[in-house]
Amino acid sequence: MQTKLLTLYFPLLLAGAAGAADWPRFHGPDGTGTSDAKLADTWSDTENIIWKTPLPGMGASSPVVVGKKIFLTCSKGGADDVERHVMCIDADKGSVIWDKTVESELPEQGKIREDHGYASSTPVANATHLFVFFGKSGVFCFDHAGKQIWNKKVGSELNGWGSAASPVLYKKLVLVNASIESKSLVALDQATGNEVWTAPGVNDSWHAPVLAPRPDGSAEVITAMTNEVKSFDADTGKQLWRCKSGIQWYMCPEPVYKDGVVYCVGGRSGTGGLAIRTGGSGDVTKTNVLWSLSKGTNVPSPILHKGHVYYAHENLGVVNCIDAKSGEVVYAERLDPNPGQIYASPILANGKLYYLGRGGQMVVVSAEPEFKVLSNAKLENGRGVFNASPAVIGDRMLIRSNKFLYCIGSK
């Protein structure tokens, strides 16, 4: 009974005061990318577009939603003159409510691989405030009217892949994966930006921190990185456990947690994924690893649904279905039409998986252990730049490219 009550209460700690129907952070309210929304199955540049809004710059950051407000970041310019925008957009009309620029600490990284720019971290919001992470320029807090409340630096290092880890909220904290900037996980006070704790030893990790409940009512923050996965106490930053993963690459996909198990995928060769029982202490490599597999993915995050883990390979156009209990590969199938590279994390809505390619080609697949393509759709003639993950608002989908923010729904 204690575990059941904890599972029911825990989402309240993550979502803060945001509404149940909001999409306030990367990959949805709890980071699992799932929704009950009945989304459109097909669209084009002229079909099922509720509105589209031109953007003042590029970005790999995803839109987030609180109430009728959409928040998004963009950037333009280069290392010596980068201009970063934080925007608020009306969810019904697509009109810009406000557009603020922030003061960036320059120079930035001279060359960002894959040209995804300087606005790659998805913001996180609650009912009153928005929190945005811009690498060595720090974390910025705005109120919903666009007033900047504070700015806090969390490190000054740069990287050729840029900065991209998205922050999350826990109780009164903003949790920031500052692996690139300071090789650490940092907790800031939401009201003041003051540092509450810092946990060192976080290397080559580009994903949002993952929160999981513990039996005593506390929570742990899980971070996957090169060769290992680490867990920290969410209230104090004390390291709780570590586990060798066998994934010898930097970690971009956000792990997904459910019912005492965290599922991690990543890498390009060797081990590609593993399942770890949470709630441990010390080195849990020999005791808490439930399974590992060779098929991984280097960029998009996985979806966990009805006992199966779904994810797309970033380069091959292949999607995988893994039995969450055994680690058995149920299927590994090639999408048709081929969406090309996939950097966006898929979302699941109403039993359907939405896989978005970097050019704008979407392929919709049944979220069942039997592979079945249901439909497909395309934006910008399949030749745009779509690095961000979709978001959901009501029964509509938000998709951003380097040029536009699209609101898609059945007409």
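Reply: Strands (E, at least two residues) are DSSP runs, numbered from the N terminus. This is a predicted model, in which local features need pLDDT of at least 70 and side-chain atom pairs count only at pLDDT 80 or more, while totals for chains, interfaces and linings use all residues. Residues are numbered from 1 along each chain as its sequence is written, and side-chain values use heavy atoms, with hydrogens and water left out.

Me: Where does Asn 298 lie?

Reply: Asn 298 belongs to the loop between strand 23 (289–293) and strand 24 (303–305).

Me: Is Asn 298 buried or exposed?

Reply: Buried means under 20% relative accessible area, exposed over 50%, and partly exposed in between (1.4 Å probe, protein chains only). Asn 298 counts as buried because its relative accessibility is 2%. A polar contact is a pair of N or O atoms within 3.5 Å; within protein, one must be able to donate a hydrogen and the other to accept it, and residues adjacent in sequence count only if both atoms are side-chain atoms. Such a contact, of 3.1 Å, joins the side chains of Asn 298 and Tyr 250.

Me: How is a sheet to be read?

Reply: Strands of a sheet pair through backbone hydrogen bonds, either parallel or antiparallel. Two strands count as paired if DSSP finds at least two bridges between them. Here, four strands in the order 11-12-13-14 form an open sheet with antiparallel pairing. Strand 11 (168–170) and strand 14 (195–200) are its edges, each pairing on one side only.

Me: How many bridges join strand 12 to strand 13?

Reply: Six bridges join strand 12 (residues 173–178) to strand 13 (residues 184–189). Among the residues concerned, Val 176 has Val 186 in strand 13 as its bridge partner.

Me: What should I look for in a nonpolar core?

Reply: In soluble globular proteins, nonpolar side chains tend to be buried together. A nonpolar core is a set of buried Ala, Val, Leu, Ile, Met, Phe, Trp, Tyr and Cys residues joined through side-chain atoms within 4.5 Å. The largest one in this model has 36 residues, and those with the most contacts inside it are Trp 43, Tyr 354, Leu 398 and Ile 399. Strand 34 (residues 404–408) gives the most to this core, with five residues. Apart from it lies another core, of 16 residues, including Val 168 and Leu 173.

Me: How are salt bridges to be read?

Reply: Side chains of opposite charge can pair when their charged atoms come close. A salt bridge is a side-chain nitrogen of Lys or Arg within 4 Å of a carboxyl oxygen of Asp or Glu. The structure holds 12 of them. In one, the side chains of Asp 41 and Lys 352 meet at 2.8 Å, N to O. That pair links distant parts of the chain, 311 residues apart: Asp 41 is in the loop between strand 1 (34–35) and strand 2 (49–54), and Lys 352 is in strand 29 (residues 352–356).

Me: Why does Asp 41 count as partly exposed, and why does Lys 352 count as buried?

Reply: Asp 41 is partly exposed because its relative accessible area is 26%. Lys 352 is buried because its relative accessible area is 19%.

Me: Which residue forms a salt bridge with Glu 108?

Reply: Arg 84 does, the closest N and O atoms being 2.8 Å apart. Glu 108 is in the loop between strand 6 and strand 7, and Arg 84 is in strand 5 (residues 83–90). Glu 108 is buried, with a relative accessible area of 9%, and Arg 84 is buried at 2% relative accessibility.
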